[in-house]
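Reader: I'd like a close look at the aromatic side chains of this model. Please keep it brisk.

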Amino acid sequence: MGQNSIPLDSAIERLLEQTPVPGKHETAPLLDALGRISFKNLDALINMPPFDSSPLDGFAICHKDLAGASRDKPAVLRVIETLYAGDAPMKPLAKGECARVMTGAPLPSGATCVVRYEDTDNGKDYVQVPLSLREYQNYRFQGEDLRIGRRLLGKGEPITAAHIGVLASQGFTEASVFMRPKVGILSTGSELIPGNQPLSPGKIYDSNRYVLGARVAVSGGEPVFGPNAADDAPAIAETVEALLKTCDFIVTTGGVSVGDRDYMPLVGEMIRAEQLFRGVRMKPGGWITGLYKAPKIVLCLSGNPGAAAISFDLLAGPVIRRLAGASRVLPRRTRGVLEEPFPKTSDNRRFVYARMEGEKVAPSFSGSGSLATLTGCNCILDIPGGTPPLSAGDSVEVILL
Ligand code: AMP
Ligand code: MG
C-alpha cells in the first residue's frame, strides 16, 4: 500500500468529518417508518393502561370484604353489574358488593382486587368466594406499563417493530423520520455485464451493484444506480459527475489499485476532487480511496466482491447512517472465542466475516473475492496487524453487524 495510506480509524474519522448531519425530514405512515430514523424525541402522551383494569376474568371486590374467608366460611357478595372490556363502570362498590369483570374491563371505584372465576362458585346474583386476597392482588394499575412523559423513542434512534407497537398503543398513526439519503452506486470494470444475459468469454456478472445496493438499504439509504462504466477514465468521471448532482454520497467499486487500468485516482483528479486518503492499512480491500468533492464524498472501493462488502461495512455504513440521521453510526463491538483456528498471519490489520453464537465465533474462511461464504455471517473479526496464526480457543475482537 502506498505512502499515503492511513489507519482505518483515521479514514473513518476523515469521512465522518465531511459527512453532514441531515436536517430534512418527512412524515411516514407508522408501518413505513420501520427501520427508519426518528426525527423527534417522542414521549408517552397517555398512561398505559389508561385506567385501572382487570388482568383476568373474575370478580372485582374490595379485599376487606374477603377478610377471614375460607372454604368452610366463604364470603358471600352481591353482584351489582357485569363489566366487559370497553365498558365504563357505572356503579361504585358498596360494602359487600362486587362486579363481574372480564379481562381488560375497567375496575369500579371501591374495588381493590380481582378474584378468578375458577376460585369462586361463579354465582349469578350472589357469588361465594372461599378465600381472601391481598389488596391489589390481580389488579392492573393505570400507567403500570407506561407513564405519561416516559421517553418512547429518541431523535436519531432507528425505529424497530417494538417501537411501532408502543407508538400504536399511544394512538400514533405516523412518525416523523429523517429523509433517506440517496447513495449513488457505480460498478466500474470492462469485464462486467448485467445479470440475465449470457456470459461471453472473459466477462463476469456485476454482483457489486447488488452487494452494495442491499447494504445501502439496510444502512438506511436509498440506492441510486449509475450505468456500469467500462475501464475508461473520462467515461467514469462523467458518470460520477452525474451521480454527484442527485446523490448525497457515492460509492464506486473497481479500479482503485495500481493496475494499468485502475483509473479511480485519475478520475478523482478529473472531477477536481480532494483526496481524503489513498489506501487504508487493512486487509482485504486496502486500496480504498476517499475523494471529497464538496460537500459530497466519493468512496472508491476494490472491485473484489468480498473486499467491497467488508470495506463498505466498515467505511460506507457509518457515513450512510450519519446521513440518515442515526445518532449511533459505528457498529457495536464485543469479544469472542475462536471455535476454529484461523491459519493466516496478519501483517496488516485484517477483517474476516464470521458467525458468532454465544461467545463462540467461526470465521468464514475465504479469499477476498468470495461471496458464497458470506451467507450466515453476522459479524466481522477484527484481527490486529502483527498477529500470528490463531488457534481455536483464542480470544478475538468482534464487530457485530
Ligand atoms: P479491481 O478492483 O477492478 O481490480 O477488481 C478486482 C476483482 O474484482 C477482479 O477480479 C474483478 O473482475 C472483480 N470485480 C470488479 N468489479 C466487480 C463487480 N462489480 N462484480 C463482481 N466482480 C467484480
Ligand atoms: Mg478492474
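Which residue lies over the face of phenylalanine 39, and at what distance from the ring centre?

Author: Lysine 155 does, at 4.7 Å from the ring centre of phenylalanine 39. A charge counts as over a ring if NZ of Lys or CZ of Arg is within 6 Å of the ring centre and within 35 degrees of the ring normal.

This is a predicted model, so local features need pLDDT of at least 70 and side-chain atom pairs pLDDT 80 or more, while totals for chains, interfaces and linings use all residues. Residues are numbered from 1 along each chain as written, chains are lettered from A and ligands numbered from 1 in written order, and side-chain values use heavy atoms, without hydrogens or water.

Now the ring pairs. The whole structure holds 5 aromatic pairs (Phe, Tyr or six-membered Trp rings with centres within 6.5 Å; planes under 30 degrees apart are stacked, over 60 edge-to-face, the rest tilted). One of them joins phenylalanine 59 and tyrosine 117: the centres are 5.5 Å apart and the planes at 65°, so this pair is edge-to-face. It links distant parts of the chain, 58 residues apart. Phenylalanine 59 sits in strand β3 (residues 58-61), tyrosine 117 in the loop between β6 (113-116) and β7 (126-129). Strands here are DSSP runs (E, at least two residues), numbered from the N terminus. Both residues are buried (under 20% relative accessible area; exposed is over 50%, partly exposed in between; 1.4 Å probe, protein chains only).

Another pair is tyrosine 139 with phenylalanine 141. Their centres lie 4.9 Å apart with planes at 50°, so the pair is tilted. Tyrosine 139 is buried because its relative accessibility is 11%. Phenylalanine 141, at 33%, is partly exposed.

How values were computed: Helices (H or I, at least four residues) and strands (E, at least two) are DSSP runs, numbered from the N terminus.
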